[in-house]
Amino acid sequence: FLSNGDVRIHNGGPSESIADGRVREWLGNSMDSDYAARSFLAINPKKNEVWVCFPTTGNTSCDRALVWNWQSDTWGDFSISSMTCSATGLVASTIGSGIIDDDTDVIDSDVSAIDENEYSPNQARLVLGFTTPLIGLAETGSTDFGTAVEFMLEKRGISFDDSDAIKVLSSSRPQFKGIAGAEVSIYHGSSMTADGEPTYASAVTFTQGDNWANAFARAGRYLAWKCVSTDYPLLSLRSIDLDVKGGGRF
């Protein structure tokens, strides 16, 4: 449950924070104080997630979701479009049947099978309410109401337990689970302080199935790695291999 800028969990007894020391401060600083009461929690059982939906500063409806995965005990966040409510339950299978006449995806990038339902009607799903359009179904299809889904993954403050040494990130090898041929943009960067904004080199296009993404970044004490979608949205990152060149102390 969401309580006074904190996310807590209980099992019928005393509650404990699952956000303190992780995302609690960011949540409190990001939430609009005038419309905080419009925040709510949504359950996404397909991904083992709880969405903390809230309006950020200057917004009157929920435009951000802070996501906790109860299986891996990890946090993430993404933007949402004026969400107002949610419900979890079974949804009739008469929608999204995958009939070829109703398929609007480009054939070269269509990942669905003909005559395929995009979800099981026996599986609980997350239904979302918006100001416009009114209703959406989470984790279904490859677009967000017809718009291609974009994502960004970023890891900052990589020091390899030596925050004094100057390092250079020369190449990386991301391990994705996804369609062969899918393309993403890879950025290598660095900063001189742990909380400094990374300086990134120009993006390198990485194609699923390639070995390495090669691009030297500016040297720094703390390295950064970023991945931005440029093609298919149906990718998940498993791990990253980094090729790092060590340097001196100054």
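**Cysteines, strands and rings in a predicted model**

A search of the whole structure finds 0 disulfides, a disulfide being a pair of cysteine sulfur atoms within 2.5 Å. C53, for instance, takes part in no disulfide, and the cysteine sulfur nearest to its own, that of C62, is 5.8 Å away. With a relative accessibility of 0%, C53 counts as buried, where buried means under 20% relative accessible area, exposed means over 50%, and partly exposed lies in between (1.4 Å probe, protein chains only). C85 is too far from any partner for a bond, because the closest cysteine sulfur, in C62, is 9.8 Å from its own; at a relative accessible area of 40%, C85 is partly exposed.

This is a predicted model, in which local features need pLDDT of at least 70 and side-chain atom pairs count only at pLDDT 80 or more, while totals for chains, interfaces and linings use all residues. Residues are numbered from 1 along each chain as its sequence is written, and side-chain values use heavy atoms, with hydrogens and water left out.

The predictor's confidence in each residue, pLDDT, runs from 0 to 100, and its mean over the protein chain is 84, with 84% of the residues reaching 70 or more. Confidence is highest in strand 5 (residues 49-54), at a mean of 95, and lowest in strand 10 (residues 143-144), at 72. Where pLDDT is low, the predicted coordinates should not be read in detail.

The secondary structure of the protein chain amounts to 1 helix and 19 strands, which are DSSP runs numbered from the N terminus (helices H or I, at least four residues; strands E, at least two). Of the 250 residues in the protein chain, 33% are buried. Contacts (heavy atoms within 4.5 Å) between residues at least 6 apart in sequence join, in 62% of cases, residues at least 24 apart.

Strands count as paired if DSSP finds at least two bridges between them, and strand 1 pairs with strand 2 (residues 6-9) in the antiparallel sense over 2 bridges; S3 has D6 of strand 2 as its bridge partner.

Further along, strand 6 (residues 62-69) runs antiparallel to strand 7 (residues 74-89), to which 7 bridges join it, and V67 stands opposite G76 in strand 7. These two strands form a hairpin with 4 residues between them, and D73 in the turn has a positive phi of about 55°. Strand 7 also pairs with strand 8 (residues 125-130), in the antiparallel sense over 6 bridges, with M83 opposite F130 in strand 8.

The whole structure holds 5 aromatic pairs, defined for rings of Phe, Tyr and Trp (its six-membered ring) whose centres lie within 6.5 Å, with planes under 30 degrees apart counted as stacked, over 60 as edge-to-face and the rest as tilted. One of them joins W68 and W75, a tilted pair at 6.5 Å centre to centre with 35° between the planes; W68 and W75 are both buried. Another pair, F176 and F206, has ring centres 6.2 Å apart and planes at 45°, so this pair is tilted. It links distant parts of the chain, since F176 lies in strand 13 (residues 167-178) and F206 in strand 16 (residues 204-207), 30 residues apart, and both F176 and F206 are buried.
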